[in-house]
Amino acid sequence: MNIKNICIAVFTCSFFVNTFAQDSTFVKSKLKTKTKAKEKAWYIPDYAKMQFAGNLGLLSVGAGYEVAQNVLYSELLYGFVPKSVSNAENIHLISIKNTFPIFTKQIGDFTLSPIAGFTTSVETGNNSFLILPDKYPKGYYLPSAIHFTLFAGVQVHKKFKNQNIFKGADFYVEVGTVETYLFFALTSKEVPFKDVFSSAIGVNFYF
Amino acid sequence: MLFGILMIFTTCENIFNFSAYMANVKEEDKNTTAKNLQLIEDLQSESKDFKFAFVTDTHFFYDNLKTVLDDINKKEDVLFVIFGGDYSAQGLLKEYEIFYDILKTLKKPFVTVIGNHDYNSNGGIIYKEMFGAFNYSFKFNDNKFVLFDNVVWESNKIPDFDWLSSELSNNALFSQVFVIAHIPPSDNQFTDAMEQNYTSLMSENNVPLSIHGHTHGYSYEKPYGDGVNYLTVPSLKKPKYCIIHVKDNSFEIELIKL
């Protein structure tokens with residue numbers, strides 16, 4: 001129950017605090033990148049991402065955009081779990097991940113920020129369906145290919161001195177859950193919160 | 001907040017989850033049916049008078065499942081439990097794991113049949129690893145129990161009526177033969193031919209009782225006028241289950257509402 005409360009607090013905080021978390025350094029850096037951003041076409045991603053686990057695949061890779069700097073980072077990811085690991089068909093997942101930094105804190109060369117967010121993910125392999133097969137009466141099942149995840153974690157950013165290839169990188173660690181699992185934990189006292197959460201680690205490389 | 005995250009991180013049961021669709025059952029959760037059939041065999045005696053419980057359609061009614069299991073644990077004369085299917089909604093490994101974790105609090109042996117929901121996604125693979133065969137039977141104190149997988153749509157297969165027929169053919173050797181399948185034969189998953197196939201196997205082989213779940217409601221009747229009783233036990237949306245009291249050549253049904 002204790003952990004349950006903490007989790008609820010973490011998620012609630014994450015969605016509200018980021019709206020207010022602005023300080024002068026943010027605004028400055030915002031202005032800087034705004035002018036920079038104009039030089040680049042809108043569809044060119046700002047960073048490349050690679051994540052391990054987190055219900056988005058054994059490994060997921062993709063491109064990320066600073067939709068609103070220091071407020072919202074959105075990423076398009078492809079995740080994969082091979083047969084040998086899933087013990088079923090190969091799992092293919094296409095996900096849109098939204099990460100909100102709650103605030104940022106400069107510690108030496110590093111920028112530390114608690115992060116939170118959610119993911120929408122579609123399984124495109126043979127493990128699920130998006131459109132109900134004909135054999136079922138109408139509305140018998142909801143589409144089983146779509147899932148949402150919620151997560152919170154910590155991210156460390158480092159600007160590179162040599163900016164020839166990448167300008168900087170993030171490393172992050174998260175704990176998260178799938179919406180169905182969260183429903184079980186919230187509605188049943190027999191489902192402990194610790195059983196429905198799992199971790200993910202990942203990196204972002206900025207262009 | 002950071003402390004909260006760290007705490008969750010260190011207490012997570014599964015450190016990493018790759019996808020909701022995984023089917024990699026934990027080693028210690030495998031072959032549950034075989035392990036429990038051994039425990040049931042050890043409970044056998046000369047007595048022709050015994051009780052077993054039937055619980056079905058547990059879905060995500062986890063608190064009610066616990067309530068029912070606690071009640072069964074208190075009843076010393078109930079020797080084992082049969083679960084009638086639908087332990088999940090989406091056939092996900094997490095759903096199976098939660099069900100199985102709660103089942104660990106049951107102090108009596110149990111066996112299961114698969115429900116239609118349990119076949120969704122990779123549920124069929126998970127069921128086979130976690131529990132075992134889809135069709136199987138066991139003997140208990142001169143009675144035979146036949147557990148039959150009759151899911152059609154989700155399993156993409158026709159129920160194995162040949163197997164059922166051969167399992168029932170030696171019915172004369174037993175005091176009574178009970179058949180357990182998730183879906184009652186009148187359900188719309190079956191063609192008229194399948195329904196007739198099932199019900200005639202019951203009557204031809206002198207099955208006194210065919211036990212089901214799936215509809216989430218209670219019914220106990222002889223709808224085909226052939227002397228075969230069909231029992232449908234309610235889901236765990238409310239904490240309800242049945243106790244079947246087996247006697248020498250007869251039985252009694254009790255619906256428990258907690």
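In this predicted model, chain B holds an open sheet of 6 strands with mixed pairing, in the order β4-β5-β6-β7-β9-β8 (strands are DSSP runs of E of at least two residues and helices runs of H or I of at least four, numbered from the N terminus; two strands pair if DSSP finds at least two bridges between them). At the edges stand β4 (136-140) and β8 (219-221) of chain B, each with a single partner strand, so one side of each has no neighbour in the sheet. Within the sheet, β6 (residues 176-181) and β7 (residues 209-212) of chain B pair in the parallel sense over 3 bridges, and B:I180 has B:I211 as its bridge partner.

Residues are numbered from 1 along each chain as its sequence is written, and chains are lettered from A and ligands numbered from 1 in the order in which they are written. Local features need pLDDT of at least 70 and side-chain atom pairs count only at pLDDT 80 or more, while totals for chains, interfaces and linings use all residues (pLDDT is the predictor's confidence in each residue, from 0 to 100).

Now for the helices. In α3(B), B:Y62, B:N64, B:L65, B:V68, B:L69 and B:I72 are buried (20 or more other C-beta atoms, placed from the backbone, lie within 10 Å of a buried residue's own). These residues sit on the same side of α3(B), because they cover an arc of only 155 degrees around the axis (taken from the directions from the helix axis to the C-beta atoms). In α4 (residues 93-103) of chain B, the buried residues include B:L93, B:Y96 and B:F99.

How values were computed: A residue is buried if 20 or more other C-beta atoms lie within 10 Å of its own, exposed if 12 or fewer, and partly exposed in between; C-beta atoms are placed from the backbone.
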